Amino acid sequence: MKVSVNSFCPCGSKKKYKKCCKIYHNGSNPSTALELMKSRYSAFIVGDYKYIIKTTHKENIDYTGDLKSWKESILDFSNNSEFKKLEIIDFTKEDKVSYVTFKAIILQNNKDISFIEKSKFYKVNNTWLYHSGEFLNE
Ligand SMILES: [Zn+2]
């Protein structure tokens, strides 16, 4: 989905995209795992697969050296999903590991595929990375 830099950020912050997640997509380092999580959500919406790949921990289940197929699966999810809303449920913050629990409201072909996930993030060389996610029931 194309998002104008002057429109509201897709993460739901009520800030302009260019003053919110776009800063991270352009190369700045999120200082918290929560900012990283939101900017990854926005990256899925705008189709910034490079950002998704860059911010994924090597131990993540989706991590692969096959960048071509990884890119395709990210863009496939991005192009075929209607991202309705992101709700942050919980955020626990420590020095090297953080958890963000969120609900993503997403439609695919008018089918509700919304989910609640507890995401785990590790700080590696001063950079937050998405490590893994656990699906929770509502
Ligand atoms: Zn944002």
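Helices, counted as DSSP runs of H or I with at least four residues, and strands, counted as runs of E with at least two, are numbered from the N terminus. On that basis the protein follows the pattern α-α-α-α-β-β-β-β-β along its sequence, a total of 4 helices and 5 strands. The model is a predicted one.

**Overall dimensions**
- The radius of gyration of the protein is 14 Å, which agrees with the value near 14 Å for a compact globule of 138 residues.
- The C-alpha trace spans about 40 × 35 × 30 Å along the principal axes of the protein.

**Packing and contacts**
- Of the 138 residues in the protein, 38% are buried.
- When contacts between residues at least 6 apart in sequence are considered, 40% of them join residues at least 24 apart.

**Surface and charge**
- The protein carries 23 positive and 16 negative side chains.
- The centres of these two sets of charges are separated by 9 Å.

**Cysteines**
- A disulfide is a covalent bond between the sulfur atoms of two cysteines.
- With a disulfide taken as a pair of cysteine sulfur atoms within 2.5 Å, the count for this model is 0.
- Cys20 has a relative accessible area of 9% and is therefore buried, since the cut-off for burial is under 20%.
- Cys21 has a relative accessibility of 1%, so this residue also counts as buried.

Definitions and conventions
Residues are numbered from 1 along each chain as its sequence is written. This is a predicted model: local features need pLDDT of at least 70, side-chain atom pairs count only at pLDDT 80 or more; totals for chains, interfaces and linings use all residues. Side-chain values use heavy atoms; hydrogens and water are left out. The radius of gyration is taken over C-alpha atoms; the globule rule is 2.2 Å times the number of residues to the power 0.38. Buried means under 20% relative accessible area, exposed over 50%, partly exposed in between (1.4 Å probe, protein chains only). Contact means heavy atoms within 4.5 Å. Lys and Arg count as positive and Asp and Glu as negative; His and the chain ends are not counted. The place of a charge is taken as NZ of Lys, CZ of Arg, CG of Asp or CD of Glu.
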